[in-house]
Amino acid sequence: MKRLASLDILRGLDLFLLVFLQPILWDLLTRIGTPGAAAVLYHFDHEVWEGFRLWDLVMPLFLFMSGVSMPFAYARHLRGEVPLSHAYRKAVRRFFLLFMLGMVVQGNLLGLDPAAMQIYTNTLQAIAAGYLITVPLVLHLQPRGRLVAIVLLLAAYSLPMMLCGDFTPEGNLACRIDEAVLGRFRGDPSYAWLLPSLTFGVTVSLGAWAGQIIRSGGAASRRTALLLALIGAALVGLGALWGLSMPIVKRIWTASMALYSGGWCFLLMALCYYVIDVCGIRRPFDWLRIYGMNSIAAYVLGEVVNFRSAVHSVSYGLAPLLGDFYAVWLTFGNFLLLFFLLLALHRAHVYIKV
């Protein structure tokens, strides 16, 4: 089956928000400082604890889409054309590479300072954990079995959390586990990663479910788009309902968060699939594939490499003219150079995968 254009474009939208629009908007609107600017910025920042904002969807969408691709990536294994051992080697290698790249991006690995090392603190590492959990579900279980596995993952996370604490920043079990196991090698103490690996697995598995629906549907159809939308609406409702007793908290990736955000991911996938694959309206959005087909490169370069010095070296004369907004120009130039680099890779058909 050919590449799913809607998946590349939706992934590209996610990365465009992350490594272009949000940092530029943030620099610009914080300097404008009007009530309207503050209202926009509110939705381009994470919720402090309980609740859900637009920006809280960026990370779940990244995890979800890694799952959508799995039924396509492992199609030959599922047909028996390639041994399953090859699939597991591929999954373990992907886990290791994503985990190490996560440490490069946010774990201070490049600082070569053991005292500042952080082990498990990054979106790429969450993808790695969720992906490794989802692989056996995709390879060995039928759709009904995968749904049962998702329920078991939700239960394995929720029961200890409900029995051994609460859902406050101070009293939740997930953060206490990270503190006990990772100790000084953990990152922000208000975030948890070890126990939420189970619900990361739920998010990736929901994406694999969506991918299987699309793959099983064959040619793009309105019926497939409608099914994705109905499942998404149901998950949003379930997540919101569960949120009445188990708050939606991204920082510890509660079960209600996994379902609620997964539902929105389903709805976005349905919309993108319908517009791009069913209706064939692709040209206005095709540029997003520059980000979507090189998502790992876009994320790592956007988070690690600072192009501002290059921009400053050829435009420092603008500093007196722009004043405080010169910093906005540097941020814009930084991510514009990243875009041109990704564009060059795209035109050369060079795609960095792990």
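Hi everyone. Let me start with how a helix axis is drawn here: an axis is a line fitted to the C-alpha atoms over the stretch in contact, and angles between N-to-C directions run from 0 to 180 degrees. Keep in mind, too, that what you see above is a predicted model.

With that in hand, look at H11 and H12. Their axes come within 7 Å and cross at roughly 160°. Angles over 145 degrees count as roughly antiparallel, so that is the label for H11 and H12. The crossing of this pair is left-handed.

Let's zoom in on one residue of H11, namely Ala229. Is Ala229 buried, partly exposed or exposed? Its relative accessibility is 24%, so Ala229 counts as partly exposed. Beyond its neighbours within four places in sequence, Ala229 touches Leu267 and Ala270. If you like C-alpha distances, Ala229 and Cys265 are 36 residues apart along the chain, and their C-alpha atoms are separated by 9.6 Å.

Now follow the chain out of H11. Lys250 is buried, yet it has no salt bridge. Which side chain of opposite charge is nearest to Lys250? That would be Asp56, at 5.3 Å. A salt bridge needs the side-chain nitrogen within 4 Å of a carboxyl oxygen. Who else surrounds Lys250? Setting aside neighbours within four places in sequence, Lys250 is in contact with His46, Trp49, Asp56, Met59, Tyr191 and Met257.

Next, over to H8, which spans residues 143-163. I'd like to show you two of its partners.

One is H7, residues 123-140. The axes of H7 and H8 come within 10 Å and cross at roughly 150°, which makes the two helices roughly antiparallel. H7 passes H8 in a right-handed crossing. On the H7 side the contact is made by Ile133, Leu137 and Val138, and on the H8 side by Arg146, Ala149 and Leu153.

The other is H10, residues 197-216. Here the axes are 9 Å apart and the packing angle is about 160°, so H8 and H10 are roughly antiparallel as well. The crossing of H8 and H10 is left-handed. From H8, the residues involved include Arg146, Leu153 and Tyr157; among those they meet in H10 are Val202, Leu206 and Trp209.

Notice that Arg146 and Leu153 take part in the contact with H7 and also in the one with H10.

Note on methods: Residues numbered from 1 in each chain as written. Predicted model: local features only at pLDDT ≥ 70, side-chain atom pairs only at ≥ 80, totals over all residues. Heavy atoms only, no water. Buried < 20%, exposed > 50% of the residue type's maximum accessible area, 1.4 Å probe, protein only. Lys, Arg positive; Asp, Glu negative; His and termini not counted. Contact = heavy atoms within 4.5 Å. Helix = DSSP H or I, 4+ residues; strand = E, 2+ residues; numbered from the N terminus. Parallel < 35°, antiparallel > 145°, perpendicular 65-115°, else oblique. Left-handed = near helix turned anticlockwise from the far one by under 90°.
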